[in-house]
Amino acid sequence: VDIPVFCPMRLLVSKRIFQGLTHALNGLFALYVAFLVAALSVSPQTAREFLGHVSDGLGKPFRELGYDGDCSLSAVAIMGAVDIYCLIHFGVWVAVAMVLRRMRAVVLLGVFYEALEYAFRPLLPNFRECWWDTWVLDVFGCNLIGQALGCALGWWLYNQHEQQLKAHPLGFLPSRLPFVGPTSTS
């Protein structure tokens, strides 16, 4: 089953599993994209003021971190680069790989994302990293491990679902209901 990139919930819709949840998630995604388009059409200061109305902490400028300070290949420098963003990289790629379940496509997306980070280095200090941070920690570390785990987990869940459908043709009904499975005549 090929899953188009523009509709990550396609598998759930086509199998009629949790169809209401799928439509709700797609609707939330559409609202998120509309919010991003609106946020990109105003100045950063106006966007910060708007976010300040949502929560008090959101209206304040974000503390930008630069990861290009110590680029030596020492244990201290590498451990200094490991932070919450490594866990975020891992978690995001697990989720993306679970949806797409195509390792080659997910790895290409990961490399493309790192190329985007490289392109935005002049604008965002958070994207200024050492070469080993980009390639070793991100691409071949957190991203690749998360992508492999996500693909494996996605295929495992898909196969579990297929086995359940083979065992119960209606999938979600227990086999002991009188109109589904055999009835006792005692």
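What follows is a set of questions about labels, each answered from a value and its definition.

Mentor: First, the ground rules. The model is predicted, so local features need pLDDT of at least 70 and side-chain atom pairs count only at pLDDT 80 or more, while totals for chains, interfaces and linings use all residues. Residues are numbered from 1 along each chain as its sequence is written, and side-chain values use heavy atoms, with hydrogens and water left out.

Trainee: How many helices and strands does the protein have?
Mentor: Seven helices and zero strands. Helices are DSSP runs of H or I with at least four residues, strands are runs of E with at least two, and both are numbered from the N terminus.

Trainee: Why is Tyr118 called exposed?
Mentor: Exposed means over 50% relative accessible area, buried means under 20%, and partly exposed lies in between (1.4 Å probe, protein chains only). Tyr118 has 56% relative accessibility, so it counts as exposed. It is found in helix H6, residues 103-119.

Trainee: Why is Leu36 called partly exposed?
Mentor: Its relative accessible area is 34%, so Leu36 is partly exposed. Leu36 belongs to helix H2.

Trainee: Which residues make the nonpolar surface patch?
Mentor: Leu36 is one of them, along with Phe29, Tyr32, Val33, Phe35, Val37, Phe50, Val54 and Leu58, and the patch is about 840 Å². Helix H2 (19-40) and helix H3 (44-54) each give two or more residues; H2 gives the most, with six.
Patch residues have over 30% relative accessible area and no salt bridge, and nonpolar side chains (Val, Leu, Ile, Met, Phe, Trp, Tyr) are joined within 5 Å, like charges within 9 Å. A salt bridge is a side-chain nitrogen of Lys or Arg within 4 Å of a carboxyl oxygen of Asp or Glu. Areas come from the Shrake-Rupley method with a 1.4 Å probe, and for residues only the protein chains shown count as cover.

Trainee: What is the span of helix H5 set against?
Mentor: The expected span, 1.5 Å times one less than the number of residues. H5 (residues 84-100) has 17 residues and reaches 25 Å from first C-alpha to last, close to the expected 24 Å.

Trainee: Why are the buried residues of H5 said to be on the same side?
Mentor: The buried residues are Cys86, His89, Trp93, Val94, Ala97 and Leu100. They cover an arc of only 145 degrees around the axis, so they lie on the same side of H5. The arc is that of the directions from the helix axis to the C-beta atoms. The face turned away from that side carries the exposed residues Ile84 and Leu87.
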